[in-house]
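Biologist: I have not looked at this one before. Can you walk me through it?

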Amino acid sequence: MTQYIVKKIFQALLVLLIVTFISYLIMELIPGDAVDFLLGLEATPEKAAALRASLNLDKPFIVRYFMWLGGLFRGDMGTSIFYNDSVTNILVKKLLVTFRMGFAALIISTVVGITLGVVSAVNRGGFWDNLISFFANIGISIPAFWLGILFIILFAVKMKVLPVQGYTDPSADFWLHTKQMVMPVIVTAVGALSSMVRQTRSAVLETISQDYVRTAREKGLRERAILIKHVLRNALIPILTLLGMQIRVLFGGVVIVENIFAIPGMGRLLVNSVFNRDITVVQGCILIMGIVVIIANLLVDVSYGFVDPRIREIKDVA
Amino acid sequence: MMKKGSFIRVLVSRWTVLLSVILIALFIIAAVFAPLLMPYDPLAMDLPNRLAAPSLKHLLGCDLMGRDIMSRIIYGARTSMLIAFVSIIIGGIAGTLLGLVAGYFGGVVDTVIMRLTDAMMAIPQIVLALGIGVALGRSTLNLMIAIGVSSVPAYIRMMRGQTVSTKNQMYVLSANVIGCSDSRVMYRHILPNSISPLIVTATINLGGAIMAEASLSYLGLGVPPEIPAWGTMVSDGFQYIETAPMLSVIPGLCIMLVVLAFNIFGDGLRDMLDPRVRGSL
Amino acid sequence: MDKTVLNVNKLQTEFRMRRYTVYAVNGVSYDIHPGEIVGVVGESGCGKSVSQMSTLRLVPSPPAHIAGNAVYEGKDLVDPSNAEYLRSVRGGKIAMIFQEPMTSLNPVMKVGEQISEAIRLHMKLGANEARARTIELMKKVRIPDAEERYESYPHEFSGGMCQRLMIAMAMSCDPDLLIADESTTALDVTIQAQILEMLRDVVRETQTALLIVTHNLGIVARYADKIYVMYAGSVVEYGRAADIFTAPSHAYTIGLLNSVPRLDDDKDRMLMPIEGFPPNLQSRPEGCAFSARCTQKLPECASCSEFPLKMVGDGHYSLCINDHLDRSQRRSDTLFEAKRIPDETLLEIRGLHREFPVKKGILFKKTVGKVHALNDVNLRIRRGETLGLVGESGCGKTTLARSILGLISPTSGEILYQGTDLTKLDKRKTREMRKDIQLIFQDPFASLDPRMSIGSIIGEPLVVHKLTSGKAEYLKRVEELFIMVGLDPSLRDRSPHELSGGQRQRVGIARALASEPRFLVCDEPVSALDVSVQAQILNLLERLQRELGLTYLFIAHDLSVVRHISDTIAVMYLGRIVEKGDWKTLCKNPMHPYTRALLSAVPIPDPEIERTRNIEAIKGDVPSVSRLPGGCSFHPRCPYASADCAAAVPELRETEPGHFVACPVADAIRGAKSQAGSAE
Amino acid sequence: MKKHKRAISVLIAICMIAAVMTGCSGSGTSSSPAGTAKPSPAAKTPVYGGTLIVSQSTQQFEDNLYPPTAANADVLQNARPCLEPLFKIASDGTLIPFLVKEYKMENNGQKYTFILQQGVKFHDGTDFNAEAVKWNIEQTQAGKIQTVFNTVKSIDIIDNYTLVLNMASPDLFLLQTVATSLPVFMVSPTAVKTNGAEWAKTHPVGTGPFKLQSWDYGVKMVFVKNENYWGKDENGNKLPYLDGITFKFIPENVTCTTAFKNGEIDVLRALTSTMITNLKSSSKVTIYDYAFLQLNIWYPTLVSGSKFQNLKVRQAISYAIDMPTVIKSLFGAEFDTTNQVSYQGSPMYSKDITGYKYDPQKAKQLLAEAGYPNGFDATIVAENTPENSLLCQTIQSYFKAVGINLTIDLADAARFAQSVMFSSWGDRLAVIPFTYTPDEIGAARRVLNPATTLFKSTVDFPEKYKGQVNSLFAATTVDSAKKAYADMNKFLIDEACLLTPIYVKKYAVAQQSWVHGFGSGADGEKQIRYWSPETVWKEKR
């Protein structure tokens with residue numbers, strides 16, 4: 001089992017390296033760089049050249065990438081060109097904001113998603129199945145930012161129940177923080193929740209048609225016992241795979257939602273940094289996102305081992 | 001191949017699928033015959049009745065430059081469909097070929113392609129599309145490339161799984177025994193048998209592509225400003241949400257309805273092409 | 001036989017789909033007494049499994065509608081109001097075992113738990129008692145070191161072991177009735193013998209009624225007291241086993257018996273298959289369902305609607321209205337003249353070795369073990385000859401077939417085809433040779449591309465090797481192939497899933513013949529087919545061999561089929577040829593203990609013979625391929641094993657002209673009376 | 001029954017969507033231009049206490065508050081509560097002494113003498129004296145980012161509170177430049193010397209009425225009252241009135257306006273036209289009189305073979321667009337039309353420039369004369385902002401009317417900077433902003449001369465214009481500078497038509513009714529540029 005885990009970790013690190021290279025490459029392809037932008041109208045070529053040299057932006061792409069990578073190993077994610085502050089402490093605050101919101105959305109979408117998925121799979125074709133599937137279909141079809149706009153119009157502008165914008169630190173004012181978090185979390189969760197319902201449903205349906213469920217029924221067990229002890233335990237494996245994918249979907253959702261609700265999270269920082277050509281901050285954000293997604297997949301792979309005995313002792317027979 | 005008659009009959013059996021087919025038909029008709037259906041020229045400005053409320057003359061009112069929203073929506077259907085289909089083609093073809101090669105040859109080729117796909121999968125699609133879009137600059141073609149390329153990993157993963165499972169089938173082994181070359185086995189045996197999952201992924205991705213166009217234009221990267229596209233209309237309308245909410249709500253509603261129709265149609269298609277379920281339809 | 005355990009009366013099951021209804025079971029009635037063993041035999045699609053599943057309401061209820069009644073202890077199980085009672089009976093008093101043992105167990109739950117689950121439910125026992133009882137049951141079904149294996153998971157057991165676990169689970173609550181639905185079909189013949197013998201002893205001992213559902217006539221001949229023959233959803237004939245086999249009184253039963261190859265057949269007896277295809281259950285036929293395929297049907301067979309079960313003997317009933325049926329198994333026009341095989345070698349295999357390394361480790365995979373798929377295989381096949389290759393799963397016969405076809409490259413050794421060594425050819429040359437050597441597959445459905453029409457499947461080799469120039473010639477050649485294998489050319493545009501098993505196998509053969517090969521490797525070509533269809537294909541293969549002068553390498557695990565079609569037979573065990581000889585001497589006078597066990601494990605569809613002979617049981621299970629026992633790899637399971645068996649690997653030595661055996665004690669055993677049914 | 005149930009579930013879904021639609025289908029009223037500032041009825045007596053919430057919707061900002069190296073004016077403005085300038089300046093250009101109590105200018109701009117306020121202390125307790133001012137000026141010169149003091153040759157300290165600036169060349173407008181351009185704030189030298197310039201970027205130590213308590217990049221800045229602030233109001237009681245000021249940065253215009261209307265924000269600065277439309281005709285919007293930015297279309301006359309080298313084509317384009325209607329209908333009150341490089345109401349605005357009235361026929365005729373009877377293809381490049389997008393689409397439809405079909409290339413800020421500002425923008429029209437910092441003349445010297453990087457590679461300035469620019473530099477008196485500037489403008493617009501002005505943008509600010517003394521003139525007080533935090537107070541609510 002440990003050998004299986006070590007293999008997965010090694011693979012994850014490799015993927016992470018490729019992730020950072022891809023993002024650095026894309027940023028390199030984008031025309032214009034932070035310096036022109038920073039100096040604005042007063043810029044003169046000499047000033048721009050001086051600033052570029054100081055930030056060693058004039059070195060070739062590969063050299064800069066490996067300097068950044070070298071810094072990474074020393075734990076320093078480089079300094080932001082735009083905010084001329086170390087990327088780490090810019091990211092730390094923003095990271096917390098995005099994680100708090102993303103985590104809440106993940107919990108909602110996972111818990112509610114799986115329960116609804118199972119309910120609709122169990123009484124396939126029944127009233128509940130149709131209702132849940134219908135709303136799940138709508139859920140994945142609603143564009144996140146449009147839903148956000150609808151929520152703002154409805155709850156903030158018309159009914160004035162929830163605040164329109166902003167983000168306050170929970171330590172400062174917990175009640176306002178929760179009120180501000182309600183809409184963004186729901187908007188992020190809707191997409192993830194709906195795809196979770198649909199995929200849980202198909203995973204459970206797939207498992208129900210297996211032979212060992214027929215054996216369980218033949219043994220005379222009650223439907224409920226069959227569902228919990230046999231069906232769900234086996235359906236857990238595809239559902240876990242799904243969980244790994246959810247993180248990626250959530251991050252996508254967060255990027256959009258943070259822009260609408262003006263939440264100073266990592267999503268908005270990333271979008272601004274891309275437009276500001278702030279390469280080091282973009283690298284930092286994508287690195288963190290990559291790490292989280294890869295760790296999530298790693299946890300999923302490892303948890304396979306506990307759920308499915310077949311994977312425990314993987315023997316690589318050629 | 002399924003006989004044509006049963007194809008239609010099954011399609012119509014579930015009324016939700018029927019409804020979605022009608023919606024898609026409407027969407028395609030609007031897109032194809034846009035110039036004929038539009039009451040006004042979507043680009044014609046009429047500054048005096050800027051942000052005019054819905055009236056008989058302008059069924060859905062006017063936008064912030066006095067242009068008729070109804071005709072912009074109809075023309076927008078054309079842009080959204082164009083972008084969705086082209087990016088599907090780009091993503092689909094590239095993804096399928098890479099997935100096919102990775103799945104069939106395995107070994108180093110497979111590891112390289114799959115690790116690259118994992119890496120691209122680790123970055124959310126919207127961020128990937130944003131990066132590519134900004135790199136290429138703002139134009140309709142670039143937008144299509146951005147959405148297409150960022151959807152490639154999904155196709156690769158689906159196609160590789162499909163190829164690996166098909167490769168071990170007996171009829172592929174028999175193709176080798178007959179003496180077919182690798183390429184013939186791939187395009188003559190493995191690809192045709194992966195068509196149904198490919199179509200299903202494509203339809204569901206179609207919805208995703210339209211939403212991506214909308215989100216990207218929201219982030220300021222959509223089609224050139226004057227060309228009406230639903231996503232741009234929603235993001236431009238967002239500025240005047242209090243004074244004229246309809247500016248954002250209507251195009252948003254159109255996006256949702258079309259994407260919903262494609263998703264339901266995709267589900268119906270998958271159930272129909274899956275022999276196990278076909279019986280009970 | 002005082003009290004009947006279960007009395008099923010006019011059971012009817014229909015699957016009502018959206019646009020069509022499948023009439024799976026039409027009015028089946030049977031009863032079973034404690035301790036009695038009843039055999040239900042019939043081909044696939046005759047409703048034998050569905051009827052058992054319907055009594056226990058295991059068929060998915062929305063599409064299925066079950067009528068009639070099945071009375072157990074005075075209560076009708078089919079009646080929906082007794083659903084609660086049915087649930088308490090199911091798994092407890094009436095238990096069932098299914099065909100696929102490996103998938104019938106929950107992969108993520110310990111095997112012991114899965115068995116004790118049923119015990120605690122039905123017998124209301126505490127956890128420890130249930131555990132003790134489970135371990136005792138596992139010992140009863142002879143699972144080695146049951147104590148530790150309680151904790152292990154299904155994937156750690158072989159097919160045979162899983163089936164034993166299922167039997168333990170079924171017997172766990174002292175059932176009154178045990179239904180074995182094709183429970184040994186998926187197992188090797190020696191394991192099948194072990195399971196059935198063990199099952200018969202357990203059932204006799206506990207006086208449980210056993211209902212065996214199978215398509216293998218040999219099994220019912222050996223084990224069943226009473227036999228029901230089913231066709232197209234109804235019982236066509238039933239009676240005591242002896243009566244059914246000596247005086248079969250329904251045309252279908254006779255047809256079945258004639259189309260089954262038997263170990264005691266004489267060589268030139270040609271099988272008499274039942275022509276045509278199994279009935280389509282979506283429409284209720286007029287008159288007798290079998291009339292379409294019956295060679296001895298009367299004019300009124302097809303028209304009359306009412307079919308009472310007519311008594312034709314003491315406790316022997318039949319649906320057939322034709323009183324004087326011709327039961328003879330030999331007809332003049334069905335005899336083959338003997339083949340003349342010239343002594344010219346077509347294919348020779350010398351010292352063939354093939355090992356698969358077992359790798360471990362993360363990135364730099366280091367080999368930790370070796371799987372010996374083939375070691376030191378030597379064979380010679382003459383032109384026009386059929387070499388039968390017999391062996392159980394894991395013995396390396398498929399690896400050998402694929403090595404000959406160049407799909408797998410051997411570790412060492414040569415494969416000489418007309419002098420050229422196939423293993424040394426480059427990619428292009430190998431493809432060039434592909435025209436000459438072709439393969440026929442086991443699973444007719446999986447080996448045809450579902451997306452292509454049959455015409456294009458058969459024609460593909462012509463396109464690949466550019467054998468025909470121009471469309472017209474291509475179509476003509478395809479038409480020729482259709483007729484050659486007895487397929488109606490109008491089926492050209494159909495797709496594979498619209499054909500029956502037999503038809504699909506004919507397509508496979510036609511495709512193989514398209515490039516006019518000289519050598520055909522048949523990898524279990526008939527084992528997935530029904531008995532009647534099996535006979536059709538075997539006859540077709542023999543006819544083609546004579547007409548086209550083909551040479552066959554015929555691989556199978558069913559010895560009676562191999563004996564019927566082969567000229568010389570080789571027996572393989574764990575990658576090694578243990579015995580080789582012409583069919584007569586090998587079957588009449590088997591020398592290697594494994595061959596003897598193989599022959600004795602195959603039941604012969606004749607109650608007299610089966611009742612008298614007992615099976616040379618082999619101990620234990622096939623050892624895992626990666627840890628081969630030293631010396632002769634059969635010695636741990638061999639009843640005659642002696643000290644030097646374990647010492648050195650025995651050489652193939654020629655004890656009689658043309659008869660080779662790889663066993664040091666072979667001569668000593670020769671004296672002992674052969675158990676095989678080898679009546680002349 | 002099953003079919004029936006499924007219909008119910010869909011019905012519920014539809015009425016859900018309908019509810020959402022009706023909920024927000026508020027009638028889209030056409031926006032009326034925002035009312036100009038009305039003086040509040042009675043000048044109430046100021047009240048102490050409360051925290052002022054100030055917000056602005058700016059996307060890009062650079063968090064550097066150390067004046068000598070700060071590149072971004074908007075950001076530096078945020079430090080106004082704790083840093084103070086030498087002079088304040090009213091909207092109409094009159095200078096208001098502040099940290100500098102009195103000043104003397106000798107032989108028209110060759111020498112300046114400053115006399116400083118007495119008894120003023122920096123937040124770190126050190127004295128604000130001539131030495132500190134000298135140090136600040138020298139640091140700004142060394143910073144090379146700001147050009148304010150470039151013309152100062154040397155500074156002599158006369159005594160603790162007087163210093164003399166000797167100019168390298170006579171500069172009539174030094175004081176205006178100091179007061180209006182990138183604000184020149186006084187920073188405590190000791191604080192910067194001890195903690196370094198890097199630290200100073202995030203820790204402004206000045207003489208202002210408030211101190212910076214916490215700063216969350218791009219989110220929030222919190223200032224608290226500076227107990228021993230030197231300033232007093234006219235009837236002698238201590239300033240500032242407020243306990244604290246909080247800046248909130250909200251990127252989305254809509255969220256800003258909605259929050260302002262919900263009362264969550266006291267003052268909304270740097271309003272965009274969309275925000276003004278959303279704020280509708282609320283009386284709280286004040287438009288400042290001075291403009292700070294002008295947007296023009298520039299022609300690539302230097303690019304060989306370009307159609308725009310032909311004067312007639314340039315004039316045709318100027319005639320083709322009806323700028324006044326576009327500005328009036330599309331943009332809010334804070335925008336104004338102009339036909340030259342200045343704004344109506346500015347002292348520099350010259351009456352005798354004719355400009356080009358909207359005349360599509362003339363435009364078509366000019367095009368025909370220039371050899372393009374049925375028009376031609378062209379591209380316009382502009383920075384990707386909502387306003388520019390609207391503007392370009394309007395220009396596109398006007399061009400279509402005269403036969404020119406225009407493709408729009410909206411480049412995001414960085415790409416715009418790189419592809420337009422610092423290199424030739426090729427055979428394309430370019431929409432380029434022109435900021436009046438420090439004022440028209442200072443800006444003209446800096447930008448409108450042929451040597452600047454911006455135009456060097458793409459715009460061909462004829463000899464005649466170069467002569468006029470030299471005379472502007474040589475001007476020694478204010479009037480002669482004005483005349484030279486007017487001639488330059490006349491040539492640029494009427495004779496060579498090297499650019500077509502689009503609009504002039506003024507600052508606008510939205511102020512809740514309970515906020516007074518902001519300096520926007522809403523309460524009838526004198527409207528000054530920027531704002532004075534020390535005089536702001538809030539009514540109790």
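Biologist: How many helices and strands are there in chain A?

Modeller: Chain A has 13 helices and one strand. Keep in mind that this is a predicted model.

Biologist: What percentage of its residues count as buried?

Modeller: Chain A has 318 residues, and 51% of them count as buried. As for contacts within chain A, take those between residues at least 6 apart in sequence: 72% of these join residues at least 24 apart.

Biologist: Next, chain B. How many of its residues are in contact with chain A?

Modeller: On the chain B side there are 36 residues, and they are in contact with 35 residues of chain A.

Biologist: Which elements of chain B give two or more residues to that side?

Modeller: Those are α5 (107-122), α6 (125-136), α10 (195-218) and α12 (246-273) of chain B.

Biologist: How do the residues on the chain B side divide into nonpolar, polar and charged?

Modeller: The side of chain B that touches chain A has 26 nonpolar, seven polar and three charged residues.

Biologist: Switching to chain C. How is it divided into domains?

Modeller: Domain 1 of chain C covers 345-572 and domain 2 covers 584-679. Their C-alpha centres lie 28 Å apart.

Biologist: How many residues does the contact take from each of the two domains?

Modeller: It takes 13 residues from domain 1 of chain C and twelve residues from domain 2 of chain C. On the domain 1 side, the elements giving two or more residues are β14 (366-382), α17 (559-565) and β21 (568-573) of chain C.

Biologist: Which element gives the largest share of that side?

Modeller: β14(C), with four residues. By type, the domain 1 side divides into six nonpolar, four polar and three charged residues.

Biologist: One more, on β1(C) and β2(C). In which sense do they pair, parallel or antiparallel?

Modeller: Antiparallel: β1 (residues 6-16) of chain C pairs with β2 (residues 21-32) of chain C over nine bridges. The two strands form a hairpin, with four residues between them.

Biologist: Which residue in β2(C) is the bridge partner of Glu14(C)?

Modeller: Tyr23(C) is the partner of Glu14(C).

Technical notes: Residues numbered from 1 in each chain as written. Chains lettered and ligands numbered in written order. Predicted model: local features only at pLDDT ≥ 70, side-chain atom pairs only at ≥ 80, totals over all residues. Domains from an automatic or database assignment. Contact = placed C-beta atoms within 7 Å. Nonpolar A, V, L, I, M, F, W, Y, C, P; charged D, E, K, R; others polar. Buried ≥ 20, exposed ≤ 12 C-beta atoms within 10 Å, placed from the backbone. Pairing = 2+ DSSP bridges.
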